[in-house]
Each structure stands twice: as C-alpha cells, then as structure tokens.
Amino acid sequence: MTNLNSGAITTPERPATVRERGASFRRLLDGAEATFAERGYNAATIHDICARAGVGIGTFYTHFGRKSELLRQVMVVRAQVLSRILTTKDLGDAELLAAGLRKTVDDPRSVGLWRAWHDAVLQEGDLARFHTEWRGAVADELTAMIEQARSARPTHGGQMDAKFVAWTMMTLARELAIHDRTGGAADVETAAELIAQLVSGPARS
C-alpha cells in the first residue's frame, strides 16, 4: 500500500495498520478528529490536539511532521466518503440514497471535519494536490458503482455518462455537508431524488 506520508494517492488504510502504529497514534487520530471538527483547521493547534489526545508534543512529531499531515491521515481513515457509505443497491433508490447522504450531512462531526478539510485545502499546497488525486480516486470508485448498478437494472433510453453522475453526486454531497442548510431534510431528499434519476436513467413510458 502507498505510504500516506509520501504525498501519493492512497486508499484508506486497513484498521490493522492503524492498530499496529500503537495506542498513541490512535489517540492522536481521535483527538485530531474531534478538534478539527469542532474548531476548524486554523483554530486547531497541535497543542490542543495533543492535550485532547492525552499525549505529549514529542509523540505528535514521532508520527507526523506537520498539522496538515495529521489532518490528511484523519480524513483518509475517518472521513465519511460516499464510496464508503453507499452500495450499488443504494444508487437507484432515493430513500436509501437519502439515508446514506444523511450520514455525511446530518452528523455534526462529519460536517465539521469536511469544513476543516476544505479550509485546509485552500491553504496547504500538499493537501490541495492530495485532494485532487483523492477526489479523482473516489469519483472512479463511484463511477464503477454506478456502472455496476446499471448493469444489474438495465433501463431503456439514454443515460448520462456515469462519470458525470459521480461528479454530480460528490458536488451535491459537498454542498450539503459544508454549507449551512436552511432546507434541512428537504435538501437531502431532493438531492437523493436527483441522483437516483441520474443513475437509473429516464423512466420507461
């Protein structure tokens, strides 16, 4: 598996790998996830994270060189990502899609973490490069899921390109997650209906 600290794209690490790095590493992830989610990227300091994790500053630097590296690790391991949340069965069903979207947009910790991430991406060049590659990898995973869902439920008539549908899904989820929503549940339901229609294609007449 690609080294997360190398800057190259990677898939989320298997839980055993995280366990193998030790209890202090796991505590740092826990402390960072909570601190970034509550305070954002800029206001969260290494001292705050270490205090919350119950570890010393030296332990932080044993595992990470910079705050941005820790945030990247937290996102890869802990962030709610559509390709992890949804299954191919969900994609053509608006109710299942809405339930999946709510896992991202109605969880305050998930929302806070994504807001911190997008703020950090605007400031940190290494995170911006990683984000571009990571987003592309997630889009590829969603595209494959959409194509699999379509092959299981063939429809008549034209369908939008699966890559376009994947991009739309990710954009809608991002907008719902990192911006204040005045429509609440209605926004999620509308997004889910749109995605389900884009995945399944036009209804038969």
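Ala 34, once its neighbours within four places in sequence are set aside, is in contact with Arg 52 and Arg 109. In this predicted model, Ala 34 belongs to helix H2, which covers residues 23–43, and its relative accessibility of 4% falls under the 20% limit, so Ala 34 counts as buried. Arg 52 lies 18 residues away from Ala 34 along the chain, and the C-alpha atoms of these two residues are separated by 8.5 Å.

H8 itself runs over residues 108–123 and has 16 residues; from its first C-alpha to its last it reaches 23 Å, which is close to the 22 Å expected at 1.5 Å a residue. The buried residues of H8 are Ser 110, Val 111, Gly 112, Leu 113, Trp 114, Ala 116, Trp 117, His 118, Ala 120 and Val 121.

With a relative accessible area of 7%, Thr 143 is buried, and a polar atom of its side chain lies 2.8 Å from the backbone oxygen of Ala 139. Apart from its neighbours within four places in sequence, Thr 143 is in contact with Ala 162, Lys 163 and Ala 166.

The aromatic side chains form a further topic. The count of aromatic pairs in the model comes to nine. Among them is the pair of Phe 36 and Tyr 41, whose ring centres are 6.0 Å apart and whose planes meet at 20°, an angle under 30 degrees, so the pair is stacked; both of these residues are buried. Another is the pair of Phe 60 and Tyr 61, where the centres are 4.9 Å apart and the planes stand at 90°, an angle over 60 degrees, so the pair is edge-to-face.

| Charged residue | Ring below the charged end | Distance from ring centre |
|---|---|---|
| Lys 67 | Tyr 41 | 4.2 Å |
| Arg 72 | Phe 130 | 5.1 Å |

Tyr 41 therefore takes part in two of the arrangements described here, because its ring is stacked with that of Phe 36 and the charged end of Lys 67 sits over it.

For the chain as a whole, there are eleven helices and zero strands, and the elements accordingly run α-α-α-α-α-α-α-α-α-α-α from the N terminus on. Buried residues make up 45% of the 205 residues. Among contacts between residues at least 6 apart in sequence, 67% join residues that are at least 24 apart. The chain exposes about 10,200 Å², and carbon and sulfur atoms supply 52% of this area.

Terms used
Residues numbered from 1 in each chain as written. Predicted model: local features only at pLDDT ≥ 70, side-chain atom pairs only at ≥ 80, totals over all residues. Heavy atoms only, no water. Helix = DSSP H or I, 4+ residues; strand = E, 2+ residues; numbered from the N terminus. Buried < 20%, exposed > 50% of the residue type's maximum accessible area, 1.4 Å probe, protein only. Contact = heavy atoms within 4.5 Å. Expected span 1.5 Å × (residues − 1). Phe/Tyr/Trp six-rings, centres within 6.5 Å; stacked < 30°, edge-to-face > 60°. Lys NZ or Arg CZ within 6 Å of the ring centre and 35° of its normal. Polar contact = N/O pair within 3.5 Å; in protein donor to acceptor, adjacent residues only side chain to side chain. Areas by Shrake-Rupley, 256 points an atom, 1.4 Å probe, with all protein chains shown as cover.
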